[in-house]
Amino acid sequence: MAAPHPQTAPSGGFWRAVDERLGISALRYEVPEHAQGLAYSLGGVSLVGFAVLVLSGIWLAQFYDPMPQHVRASMDSILREAPGGFFLRNLHYWAANVVMVTVLLHLLRVLFTGGFKRPREGNWLVGVGLLAATVGLVFTGTVLKWDQEALEALQHNVEAAELLGGIGTFFSPQFAERIPLLTRIFTAHVSVLPALLAVLLAVHLLLIKLHGLAPSAFASRSAATRKTAGEPTRANFLQHLGVVGAYGLVGLGGLVFLSAALPAQLGPVPVEGVEVTKPWWPFLPLFALENWIGLRGLVWAGAALFLALALVPLLDRSPYLHPSRRVAFLVIYGLLALALVGLGLYAKFAPGGVHLG
Ligand code: HEM
């Protein structure tokens with residue numbers, strides 16, 4: 001009798017059979033020990049947040065009608081009639097806040113520990129693209145709820161597109177006159193931007209796998225200390241996933257609590273021709289500049305900020321990771337970050353100016 005083919009021969013144990021087919025144990029490759037800290041898990045935690053946003057967003061989209069004449073009625077039906085709609089809208093709102101925070105903290109961690117240095121410069125730029133897609137999702141999301149703040153955000157979009165001339169055409173109502181801009185913003189929020197984010201994310205993760213995690217900026221101390229104590233200095237990727245999952249679960253608990261305790265606001269039905277609201281917190285620093293120099297401030301400062309981020313790998317090209325050897329660079333970007341926080345606080349408490357029209 002012919003011997004069975006080695007690949008079809010029975011092999012012992014259920015988990016072994018599953019592993020043979022799904023290759024789970026291949027994920028047990030070594031990662032540096034510092035991967036297990038929260039600072040180096042913030043990218044993974046952002047991913048967990050995105051998963052919450054996608055799942056809750058799919059549910060909300062079943063009940064949302066993006067035609068301007070129906071949108072408010074559909075918002076009311078999400079809040080009052082759709083199963084779980086009230087809670088899931090709150091969850092979507094809070095998850096968006098948390099993801100925005102974790103993405104920014106992740107960016108700051110990479111900046112502070114020099115994680116963008118050779119050979120990771122390209123992945124830093126992919127990260128800048130991910131930030132742009134995230135901000136785009138936050139902006140389009142604010143417009144969809146269609147209250148006064150949403151209308152004013154949409155009008156900012158229209159006037160900024162006008163200011164940009166030819167480059168702004170795609171974002172103007174004239175680009176597709178038969179389809180209302182609100183409806184196109186819905187398409188951007190549920191398909192264009194998530195698809196862009198997914199592609200960039202795939203490249204980001206592939207490059208992380210290719211290069212491995214950057215060495216710790218504080219490696220010499222922590223590795224030596226751990227060796228002296230006889231502790232292992234490496235971990236494996238499955239353990240890292242476990243750590244990210246644990247942080248993710250704690251975060252999810254926090255989100256559920258926030259969603260139950262502090263419902264997302266929905267302002268009054270929008271009225272054209274008045275400007276009485278302030279934008280969501282990530283846009284407050286730009287709003288402050290608008291107060292001083294008009295809508296131009298929003299457009300040019302936004303572009304300058306992304307340019308400043310894109311230039312990071314060019315401006316800090318030394319081989320050093322430890323902050324004490326990169327003082328000038330860190331002071332400049334630290335001051336920029338402080339200026340943004342200051343502008344945001346100013347905009348929060350100062351009276352809002354008139355920027356439109
Ligand atoms: C939009 C969401 C993002 C997700 C889900 C994400 C995900 C990740 C993950 C899982 C890692 C592995 C290490 C870690 O978790 O810290 C990582 C590393 C990295 N990320 Fe992101 N990231 C995002 C945005 C960004 C942004 C905005 C930047 C910078 C502008 C950036 C730049 C980098 C770089 C350069 C690395 C490699 C650094 C190292 O090896 O230490 N990422 N990212």
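1. A residue is termed buried if 20 or more other C-beta atoms lie within 10 Å of its own, exposed if 12 or fewer do, and partly exposed in between, with C-beta atoms placed from the backbone. The structure is a predicted model, in which local features need pLDDT of at least 70, side-chain atom pairs count only at pLDDT 80 or more, and totals for chains, interfaces and linings use all residues. Residues are numbered from 1 along each chain as its sequence is written.

2. Overall composition. The protein has 13 helices and two strands; helices (H or I, at least four residues) and strands (E, at least two) are DSSP runs, numbered from the N terminus. Its C-alpha trace spans about 80 × 60 × 40 Å along the principal axes. Of the 357 residues, 27% count as buried.

3. Residue W292. This residue belongs to helix α10 (residues 284–293). W292 counts as exposed because it has 10 C-beta neighbours inside 10 Å. Its C-alpha atom is separated by 26 Å from that of L131, 161 residues away along the chain.

4. Packing of α4 and α5. The axes of helix α4 (residues 85–113) and helix α5 (residues 121–144) come within 11 Å and cross at roughly 160 degrees; axes are lines fitted to C-alpha atoms, for helices over the stretch in contact, and angles run from 0 to 180 degrees between N-to-C directions. The two helices are therefore roughly antiparallel, the term for angles over 145 degrees. On α4 the contact is made by A96, V99, M100, V103 and L107, and on α5 by G127, L131, T134, V138 and G141; two residues are in contact if their C-beta atoms, placed from the backbone, lie within 7 Å. By class, seven of these residues are nonpolar, three are polar and none is charged. Here Ala, Val, Leu, Ile, Met, Phe, Trp, Tyr, Cys and Pro count as nonpolar, Asp, Glu, Lys and Arg as charged, and the others, Gly among them, as polar.

5. Nonpolar cores. A nonpolar core is a set of buried Ala, Val, Leu, Ile, Met, Phe, Trp, Tyr and Cys residues joined through C-beta atoms within 7 Å. The largest has 48 residues, of which A95, A96, V99, V143 and A150 touch the most other members. Helix α4 gives this core its largest share, 13 residues. Leaving aside residues up to four places away in sequence, V143 touches A150, A153, L154, L182 and I185. A second, separate core of eight residues includes L286, F287, A288 and V299.

Note on methods. Angles under 35 degrees count as roughly parallel, over 145 as roughly antiparallel, 65 to 115 as roughly perpendicular and the rest as oblique.
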